[in-house]
Amino acid sequence: MLKLHDTLTRSERELRPLDGKTLRFYCCGPTVYGPAHIGNFRTFVGQDVMRRVVELSGTPTLHVRNITDVDDKTIRDSIKAGQTLADFTRGWTAKFHADCQALNLLPPHVEPSAVAHIPHQVRMIETLVARGHAYAGSDGSVYFRIASFKDYGRLSHLEDRELRLGASEAASAQDSDEYSKDSLADFVLWKARKPEDGDNFWPSPWGEGRPGWHLECSAMIQEYLGDDFDLHGGGVDLIFPHHENEIAQSCCATHGKFAHHWMHSAHLMVDGGKMSKSLGNLYTLADLEQRGYTANEVRYVLISGHYHKPLNFTFDSLTAARSGLQTLAKHEAALREKIGASQPPSHGELITHGTPGLFADAWENLLNDLNVPGALGCVFSKIKDIPATRDAWLSLWFILDALGLTLPPPAGSETVDVPADIQALAEKRWQAKQAKDWAASDTLRKELEAAGWLIKDSKDSYTIVPK
RNA sequence: GGCGAGGUAGCCAAGUGGUAAGGCCGAGGUCUGCAAAACCUCUAUUCGCGGGUUCGAUUCCCGCCCUCGCCUCCA
């Protein structure tokens, strides 16, 4: 049974499905107005490890992750791009899916889009208005009345004073919208149509407009997971206001408790500082692939720190990931050959037949609040002396699958096309070497190196690899 | 200012009231004509700083310093 830190109670709690069968959880997904960056993916990868551990423990999951395809940024940028909102977000959603697949993320069972659930959101607002938790402002927007929910601030542990402080700053901004609210800290559920929204508006009992950001998650959670569900996750920055607002909306619109467990991932930092576009250190998967790194290497880096601690991303860590994966791959390949196995077992096969076995210590680390670095340490400690048995091999894959790691071909095993002239030079060197003409042999090797090729000799043959 | 998360070797990063996993890099060795690969060995008397509790603290308590995040549209 997985013990997972819970943000709300600030303690580690066992993650038990409410219905005793399936772990039902929701993760806040991306806003599709551009490529997701590796910081976003740190959160998704962490959630993926959580899901894999739960499933490998024998508990099936119901994983729901939304696509935010309507908000200020998607509208703004789609208009800028001269595309309809639907066309614009479809493209970025496809890119997101491609990245997820490259990173070996298990696809959610349900991936609802905000635009496809406008009626659900409108219904939820109607309920909130009917129950006195929401009101229409003078500007045609609808707001949630924070004062009507006594537990507001419980997740983020913000006191009334802090909430008011934020509100007073908003007031100083003199945004005319703010005056439509009863309290400056109230947040918007339905945004009245504005000229800059273009064609992107929907009808509602309060006039044309579009839903506020926080509402979509609440509405789609109710639709797919009900009033109570097991776990909700996201990055730490979503704790406030996003998740706080979700709790308020959902608890007031339903009679449920909403999420029974909260998982938040710490931020990814770059070169010791925060990631931001202005600093030029915001990387996407494509950026890193262009520099020659693989998605699997990126995944390794993203899980190499505990999800609850800030992780510093550097290119050195990416290089270290490559070497580490290569070490694992080498031993795994040798083991596989010895036992005559072919393809690694699939996630599904491991769920039904897999056990931690030899790597029980690594598995314990994972069950202990997803201690991935600890688990990796256990794996590396044993991998060199792993017994040549099928059980050991399956146990290894049980852990690797929990981490969602795939292994690259061991270095030197891949076949590369060697140009004929290089091939000829290499052959000439081999002949010189066979004739024990070391001087000629070394000269030819240097020539080959200058051309970008390395010669690796073995007892009675050699291989040519690109430098 | 408030709230929260962190500060462990050159880099990344676990962990524990009893004297510091693992990875990467680096060094030495075995092997090799020399390399490469592989394998072996080594690399923090010390866990941000100062106090306290304790037989004993990196681990608990107090104070301080630093980093990061949130404080209404950021994973």
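Analyst: A residue is near a molecule or strand if one of its heavy atoms lies within 4 Å of it. This is a predicted model, in which local features need pLDDT of at least 70 and side-chain atom pairs count only at pLDDT 80 or more, while totals for chains, interfaces and linings use all residues. Residues are numbered from 1 along each chain as its sequence is written, chains are lettered from A and ligands numbered from 1 in the order in which they are written, and side-chain values use heavy atoms, with hydrogens and water left out.

User: Which part of RNA strand B supplies the atoms within 4 Å of the protein?

Analyst: Sugar or phosphate accounts for 63% of those atoms, and bases for the rest. On the protein side, 57 residues surround RNA strand B, with Asp 72, Gly 235, Leu 238, Lys 274 and Lys 330 the closest.

User: Which polar contacts does RNA strand B make, including one with Ala 185?

Analyst: A polar contact is a pair of N or O atoms within 3.5 Å; within protein, one must be able to donate a hydrogen and the other to accept it, and residues adjacent in sequence count only if both atoms are side-chain atoms. Here a polar backbone atom of Ala 185 is 2.8 Å from a base oxygen of RNA strand B.

User: How is the packing of H4 and H6 described?

Analyst: Helices are DSSP runs (H or I, at least four residues), numbered from the N terminus. Axes are lines fitted to C-alpha atoms, for helices over the stretch in contact, and angles run from 0 to 180 degrees between N-to-C directions. Helix H4 (residues 118-130) and helix H6 (residues 213-225) have axes 9 Å apart, at an angle of about 100°. H4 is therefore roughly perpendicular to H6 (65 to 115 degrees).

User: Is Leu 370 buried or exposed?

Analyst: Buried means under 20% relative accessible area, exposed over 50%, and partly exposed in between (1.4 Å probe, protein chains only). Leu 370 has a relative accessible area of 2%, so it is buried. Leu 370 sits in the loop between helix H12 (360-367) and helix H13 (372-383), and its phi is near 55°, a positive value in a residue other than glycine.

User: Where is Asn 104 found?

Analyst: Asn 104 is in the loop between helix H3 (85-102) and H4. Its phi is near 65°, also positive in a non-glycine residue. Asn 104 counts as partly exposed because its relative accessibility is 27%.

Note on methods:
Helices (H or I, at least four residues) and strands (E, at least two) are DSSP runs, numbered from the N terminus. Angles under 35 degrees count as roughly parallel, over 145 as roughly antiparallel, 65 to 115 as roughly perpendicular and the rest as oblique.
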